[in-house]
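Dear colleague,

I am handing over the structure below, together with some notes on what was found in it. Please read the notes with the structure open beside them.

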Amino acid sequence: MEKRTLRITLNADWRAALRAAGTLAQAESYQGETLNFESADILFGRLTERRWSLVQALMGTGALSVRELARRLGRDVKRVHEDVTALAQLGLVERTERGGVLCPYANIHVDLRLSAKPRQAA
């Protein structure tokens, strides 16, 4: 089994981002997976510092229970469960048949480019 990779992008044109992801998916060899956000506000709203820490704690560890994950992070189980639910909706973590949670990616790359908006005439 190949190691899965995830590329997180920032592209306001979600249709173009979807087309690009579709093109990668049609390649003969595995090109990785893409998760796009339309703005930096949405990206940082959904992928908070605590959620990033959770993903990092799961990478390479295999499946853990939410309780064990909370213990390792020194966090409340209820809050970790909420974060796991949000990350599962995004596809950054997956739930196992036994109720555990894991990060299926060996590598996550964030492609974040911010550029100045064109100035409007006064």
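Does D83 count as buried or exposed? At 8% relative accessibility, D83 counts as buried, where buried means under 20% relative accessible area and exposed over 50%, with a 1.4 Å probe and protein chains only. This is a predicted model, in which local features need pLDDT of at least 70 and side-chain atom pairs count only at pLDDT 80 or more, whereas totals for chains, interfaces and linings use all residues. Residues are numbered from 1 along each chain as its sequence is written, and side-chain values use heavy atoms, with hydrogens and water left out.

D83 lies in helix α5 and, leaving aside residues up to four places away in sequence, touches R50, R51, L54 and R75, contact being heavy atoms within 4.5 Å.

Helix α5 (residues 77–90) packs against helix α4 (residues 66–73) at an angle of about 110°, with the axes 9 Å apart, helices being DSSP runs (H or I) of at least four residues and strands (E) of at least two. The two helices are therefore roughly perpendicular to each other, a term that covers angles of 65 to 115 degrees. On the α4 side V66, R67, L69 and A70 meet V77, V80, H81 and V84 of α5, and the residues of this contact divide into 6 nonpolar, 1 polar and 1 charged.

Best regards

Note on methods. Axes fitted to C-alpha atoms, helices over the stretch in contact; angles between N-to-C directions. Parallel < 35°, antiparallel > 145°, perpendicular 65-115°, else oblique. Nonpolar A, V, L, I, M, F, W, Y, C, P; charged D, E, K, R; others polar.
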